[in-house]
Amino acid sequence: METWAVASICVLLGLTARWTVSLNSYSGASKAPMFGDYEAQRHWQEVTFNLPVRQWYFNTTDNDLKYWGLDYPPLTAFHSLLCAHIANLINPDWIELHKSRGYESPAHKFFMRATVIFADVLIYIPAVVVYCLYLAQGSSKTKSSALLCILLYPGLILIDNGHFQYNSVSLGLALWGVLGLGCGHDLLGSLAFTLALSYKQMELYHALPFFWYLLGKCGKLGLTGKGLILLVKISLTVLVSFALCWLPFLFDPQQTLQVIHRLFPMARGLFEDKVANVWCSLNILVKIKTLLSVDTQIYLSFGTTLLAVLPSSIKLLMKPTFWQFRLALMNSSLAFFLFSFQVHEKSILLAALPACLLLNELPLMSVWFLHTSTFSMLPLLLKDNLFQPYIITSLGFIVFSLYLFSAVDRSSVDDLRLGPCCRLTGTNFLWFSFSTVVKLQFALSVLTMAGLSFMSAALEPPAKLPDLFPVLVSACACVHFLGFLLYFNLVQLTESPRSDKKKIN
Amino acid sequence: MAAPRDGTLSWFLALTLGVSLIKFLLIKAYHSTDFEVHRNWLAITHSLPVSKWYFEETSEWTLDYPPFFAWFEYGLSHIAKYFDEEMLVVQNLTYASPATILFQRLSVIFTDLVFVYAVKECCKCVQGGKRPRDILGSPSFVLAVLLLWNFGLLIVDHIHFQYNGFLFGVFLLSVARHFQGRHLEGAFLFAVLLNLKHIYLYIAPAYGIYLLRSFCLIQDNSDGSLKWRNFSFIRLAALGIIVCSVFALSFGPFLALDQLPQVLSRLFPFKRGLCHAYWAPNFWALYNAADKALSVLGIKLKLLDVAKLPKASMTGGLVQEFQHSVLPSVSPLITLICTLISVSPALFSIWHRPCGARGFLRCCVICALGSFLFGWHVHEKAILMAILPLSILAVESKDDAGVFLILATTGHLSLFPLLFTTPEFPIKILLMLLFTLYSFTSLKRLFRHGVAAGRGQGSSPAGDSEQEFGVVRLHGLVHSHDPQRYEP
């Protein structure tokens with residue numbers, strides 16, 4: 001069948017999955033007085049529509065920051081304003097100042113769900129289609145398989161269309177940035193990424209690879225000639241786009257500071273709730289959250305994060321190829337997730353995006369990682385009554401991605417790109433047993449995650465350990481993530497520094 | 001020459017799993033009053049003795065399917081009690097707890113396995129062209145998708161709520177058995193099917209004529225005409241025994257209880273009126289519309305007296321009998337006559353010039369279409385009875401593919417009013433686009449080189465005119481006949 005037909009069918013399947021998941025409950029449904037992320041988004045529409053710009057990030061009589069105050073950069077606020085204008089045309093009750101708190105109705109739910117899908121269709125899905133069809137390597141079958149699998153990735157579907165958020169906007173913009181850089185349109189790519197950063201500050205997880213890649217590229221072109229010109233052009237693009245996005249908040253330094261203060265709430269501590277990163281898992285054994293002061297916590301996380309991204313960054317600077325760039329995105333976002341400050345479980349989506357981009361080359365490990373990332377968000381999904389769609393979408397994703405890529409068969413040392421690593425360290429795996437070990441580990445991992453999932457949903461935790469299952473899930477996921485961090489770093493770092501003729505760029 | 005067997009299982013399983021996952025995701029979707037109908041029947045068959053099944057009237061949704069379906073519900077009710085016992089209480093009208101919804105939805109999904117098995121059997125019967133390089137281009141694969149992922153079946157069964165997958169599974173299995181030459185099994189399955197849902201009476205004439213002509217008459221003369229000497233009474237007796245014993249098993253208990261008239265009145269409720277609350281897009285809908293238009297015109301031109309016109313409106317959405325204002329009223333007998341007239345050319349055709357199993361299937365489609373167009377109190381869901389069997393013919397013949405595309409697309413569009421809720425609106429659009437896009441592109445690709453075994457190279461002499469009459473064919477007024485003969 002023609003490519004356009006196959007791609008259309010994949011997109012339609014992805015959209016069907018999204019709409020059917022939308023039928024389910026959302027974050028904080030009927031849970032007065034605070035509700036959840038759904039109410040937060042509705043509240044931001046209310047605030048941005050009814051109040052002047054200078055009041056959006058400040059605590060005023062009309063704007064109570066304790067009730068879901070804005071804590072994303074300005075582009076989110078502008079997006080909310082746009083949605084609010086449309087809401088106003090349909091039913092002004094939805095965004096009436098103060099009176100619409102906790103507003104819930106089937107019509108409103110349909111509207112909100114529609115805004116998410118609309119953003120998906122406009123930004124994220126076209127980026128995925130362009131990536132799979134034009135930048136990804138492989139036969140047309142591999143490309144279509146990648147397209148289908150990326151669009152069926154459960155984590156993003158469950159969070160955006162279930163829990164309720166707009167991650168597809170920021171991830172989509174970041175992906176457009178990656179596409180720009182991959183096609184050689186550095187300025188457009190930088191512009192797109194700047195927009196992504198101005199939508200959600202968590203995109204900073206991806207910022208370092210963008211920076212090192214562009215810097216490395218300029219360096220390769222010659223820092224005295226073409227490289228310098230490119231560097232200047234990129235810097236100007238970034239500065240101007242930032243300025244345009246933040247324009248209303250740049251006139252008054254108080255405004256700028258307040259926005260930054262809202263974006264980076266340092267006072268909230270190393271982590272909140274149960275999240276599958278190092279600090280939360282460490283806290284089970286050593287109560288670092290209470291032992292160390294907030295400042296020490298900040299320095300500790302800052303230091304370890306920097307250390308964790310250092311090797312990958314240096315390698316990327318030395319060898320700025322597209323393949324290295326994608327690996328660096330993976331390593332950077334995963335390192336930030338594991339060691340950074342105030343990480344939420346949804347931030348794993350920032351690492352999931354680069355993993356999707358590695359599907360064609362490293363199918364087994366990408367699928368394994370993506371599956372684990374969905375699993376790591378299980379406690380959140382259980383709170384939102386999304387267990388049923390979680391099971392179905394996870395099952396669908398893992399079965400179809402393994403089937404379409406024949407991923408389980410591609411588990412040899414070479415398939416996993418660990419050949420250079422083995423040669424360097426001198427380890428000599430017996431060729432047949434490496435693959436078997438990997439397959440066994442994979443099977444065991446999937447079974448463990450399935451078991452924990454069902455136990456979390458079906459069983460009541462003992463009275464003395466009420467958080468038993470979320471802790472077990474987070475710890476299990478954290479162990480996996482540490483393993484993936486090691487693996488992806490090895491793959492990136494041990495790649496030969498010479499440019500091979502046969503390798504993909 | 002069967003379809004390639006290598007790796008058949010893996011892609012078939014993948015397709016089945018894919019559509020099943022979508023069915024699971026639709027569990028939370030809107031369900032119609034048919035959900036309550038089936039819950040009520042679960043309650044009736046579980047809580048009451050057999051003698052009361054067809055008399056129970058607590059709910060307005062009385063049992064109006066044949067006895068085998070009642071026994072089917074009885075069987076399901078024994079599993080239902082592990083989900084929520086309250087749903088089995090007859091007085092709990094419109095009871096729809098989450099456990100009830102889950103159970104009912106799961107029961108549809110799991111009984112669909114019958115349909116899956118039937119599709120597998122049909123795929124084996126379909127003849128591929130020259131061996132395709134890839135599985136995706138083979139007729140079996142295309143047929144599997146067109147049947148398993150059929151849009152109409154998905155939304156009627158898994159959103160609106162019915163058990164058509166299970167029933168069509170029995171029907172398609174019966175068809176597959178006829179293709180495979182296992183006629184007694186096919187007849188048995190059809191007899192069972194009639195006792196599960198009597199709407200399949202629409203195609204009973206096709207079965208009757210085909211079996212009589214192609215099964216009981218063992219061999220024809222060399223010029224194709226009848227050879228009565230070769231009439232096999234043994235085969236006729238075998239068929240008779242099978243059909244009679246199935247009907248005896250089904251209606252026997254009620255005959256013994258002297259309840260046959262009551263059961264029949266439940267099965268054939270002619271008081272329900274010419275058209276259903278939602279008009280099926282058939283001939284009588286046009287007839288009603290014309291009548292309405294003429295009456296409005298008549299009032300405007302002062303030819304008719306408003307006071308003398310019947311007050312009740314057919315567009316009121318109610319299920320009851322009406323009288324027409326201008327045009328003559330239509331009785332059930334008239335609809336029967338019209339139906340028989342519309343399908344008789346096809347029936348004569350398979351009698352005089354039998355074309356084997358494919359001719360029989362084509363006749364089934366025409367019977368279904370004729371009954372849909374001219375039948376009494378037809379539901380729009382009945383169009384599926386024509387679309388699904390036509391899928392099998394569509395992957396083998398270019399002309400049939402053309403008709404199938406028109407019929408399936410318009411038939412599916414006509415099902416849209418069934419889902420009128422806002423959250424399901426995007427889902428039905430997406431699924432419709434998915435199916436339509438796939439059916440058009442895959443069938444086009446299948447016949448791009450104009451080769452498909454069986455139906456002949458290129459189009460038959462009547463092929464081009466058949467394309468033009470494709471639309472007219474929809475109305476069953478012109479039936480297609482194949483000048484070439486097949487061996488059964």
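Leaving aside its neighbours within four places in sequence, with which residues is Ala17(A) in contact? In this predicted model, local features need pLDDT of at least 70 and side-chain atom pairs count only at pLDDT 80 or more, while totals for chains, interfaces and linings use all residues. Residues are numbered from 1 along each chain as its sequence is written, chains are lettered from A and ligands numbered from 1 in the order in which they are written, and side-chain values use heavy atoms, with hydrogens and water left out.

Beyond those neighbours, Ala17(A) is in contact (heavy atoms within 4.5 Å) with Leu152(A), Ile157(A) and Leu25(B). Ala17(A) lies in helix 1 (residues 3–22) of chain A, where helices are DSSP runs of H or I with at least four residues, numbered from the N terminus. At 8% relative accessibility, Ala17(A) counts as buried, that is, under 20% relative accessible area with a 1.4 Å probe and protein chains only. Pro389(A) is 372 residues from Ala17(A) in sequence, yet their C-alpha atoms are 9.5 Å apart.

Within helix 3 (residues 74–90) of chain A, the buried residues include Pro74(A), Cys83(A) and Ala87(A). The buried residues of this helix pack against helices 2, 4, 7, 8 and 9 of chain A.

In chain B, helix 7 (residues 164–179) and helix 14 (residues 356–374) pack at an angle of about 150 degrees, with axes 9 Å apart; the axes are lines fitted to C-alpha atoms over the stretch in contact, and angles run from 0 to 180 degrees between N-to-C directions. The two helices of chain B are therefore roughly antiparallel, a term for angles over 145 degrees.

Technical notes:
Parallel < 35°, antiparallel > 145°, perpendicular 65-115°, else oblique. Buried < 20%, exposed > 50% of the residue type's maximum accessible area, 1.4 Å probe, protein only.
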